[in-house]
Amino acid sequence: MRAPSISERKRKHLEVCLSGAAAYATRTTWFERYDLPYTALPELDLADVDTRTVFLGKPLAAPVLIGAMTGGTEHAGLINRHLAEAAQRLGLGMMLGSQRAMLERPETRPSFLVRAVAPDVLLIGNLGVAQLVRGYGVEELVEARTSVGADAMALHTNPLQEALQSGGDEAFAGVIERLREVVPAVGAPVLLKEVGHGLSAALARAVADVGFAALDVAGAGGTSWAKVEDLVRYGEVRHADLVEWGIPTASALQQVREVLPDMPLVASGGVRSGVDAAKALALGAQVVAIAQPLLASALESADAVVDVLARYLRELRVAMFCCGARDLSALAEVTPSLRPRA
Ligand SMILES: Cc1cc2nc3c(=O)[nH]c(=O)nc-3n(C[C@H](O)[C@H](O)[C@H](O)COP(=O)(O)O)c2cc1C
């Protein structure tokens, strides 16, 4: 059977993600295992809570990125513009979806161009680690970044997804050496991210000296990209154990933080409320990223995306208020407690 083209596959990815069917069914983020310490006398006004931060050298009104999603399809340009406009209005950052389609089919480039509506946002481009093994290098990373005016590049690593994808890239041997050659030569910050199956302590050790500007743990408990591929390929889950495999986001975050105490970290994968975000920030993340929950609103309008994100931001502010954390450095000092097991 012929492998589907990138744009056909991307269209099906969007359909499956929108349907909600690609969420983990049996694995959670483990954020639910933690409680933030509740303070009945916070000694600050809610209006005084300050969520501002700087990430990768750019100011953010709150420690929230719109997660990497799309580009290269019919709807992608619209989705990206709505997401970007919302990020600009709220002072948040944004990651683009994989730009491989753009490098291989330059006619899809306009779907990635968001600077006109988001001149000030922290914008992060995206390519796959698997492509580096197959011949992409510094030139492609630089082109991907500069042609969309991004501030930084994210490299996604997704072996489980690729292994289940029809025609996926299965060659990962030599990948760390390749990253060592390429990442320091890009001349801009490069992040490493998973896509929802998580980075581990062992991986953090292995990439400690590669030169990444940040790591996005992209753990399990939200969208399972292995499940997306099974559903796209067969219309059903055929590999029940594989699609539920991954390191829960809260665990991935703690594992990576322990090995790399000074590395800027993004927590993503199943961040589904501002309280999840507050827990992630208290457990050692600098920012969080949110993908699937923004997809439906992104098809609709920038206003709809702003509405969804405003709920997260409000919840984050209230969580900080009721922990007595005036700003993000105070929140980082907060120790979430483990809930007793039922
Ligand atoms: C529709 C959609 C498309 C995605 N495409 C990409 C991509 O091109 N590159 C990438 O690195 N991650 C991609 N992701 C993965 C997300 O960035 C994120 O790591 C993952 O979905 C887990 O976050 P979530 O649980 O908030 O959805 C995509 C996610 C969604 C929902």
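## Helix packing and ligand shell in a predicted model

Residues are numbered from 1 along each chain as its sequence is written.

The protein chain has 15 helices and twelve strands; these are DSSP runs numbered from the N terminus, with at least four residues of H or I for a helix and at least two of E for a strand. Its radius of gyration is 19 Å, close to the 20 Å that the globule rule gives for 342 residues, so the chain is as compact as a globular protein of that length. That radius is taken over C-alpha atoms, and the rule is 2.2 Å times the number of residues to the power 0.38. Along the principal axes, the C-alpha atoms fill a box of roughly 65 × 45 × 40 Å.

Two helix pairs are set out below. Axes are lines fitted to C-alpha atoms over the stretch in contact, and angles run from 0 to 180 degrees between N-to-C directions.

| Pair | Angle | Axis distance |
|---|---|---|
| H12 (residues 274–282) and H14 (residues 302–321) | about 55° | 7 Å apart |
| H1 and H9 (residues 225–234) | roughly 110° | within 9 Å |

H12 passes H14 in a right-handed crossing, meaning that the near helix is turned clockwise from the far one by less than a right angle. On the H12 side the contact is made by Gly274, Val275, Ala277 and Ala278, and on the H14 side the residues include Tyr312, Leu313 and Met320. Contact requires C-beta atoms, placed from the backbone, within 7 Å. By class, this contact has eight nonpolar, one polar and two charged residues. Ala, Val, Leu, Ile, Met, Phe, Trp, Tyr, Cys and Pro count as nonpolar, Asp, Glu, Lys and Arg as charged, and the others, Gly among them, as polar.

H1 and H9 are roughly perpendicular to each other, and H1 passes H9 in a right-handed crossing. Arg9, Lys12, His13, Val16 and Cys17 in H1 meet Val228, Leu231 and Val232 in H9. Their contact has five nonpolar, one polar and two charged residues.

H1 (residues 6–19) also gives the most to the shell around the ligand, with three residues. Of the 25 residues around the ligand, Gly97, His156, Gly222, Ala291 and Gln292 come nearest; a residue is near if its C-beta atom, placed from the backbone, lies within 6 Å. The shell divides into ten nonpolar, 14 polar and one charged residue.

Notes
This is a predicted model: local features need pLDDT of at least 70, side-chain atom pairs count only at pLDDT 80 or more; totals for chains, interfaces and linings use all residues. Two residues are in contact if their C-beta atoms, placed from the backbone, lie within 7 Å. Angles under 35 degrees count as roughly parallel, over 145 as roughly antiparallel, 65 to 115 as roughly perpendicular and the rest as oblique.
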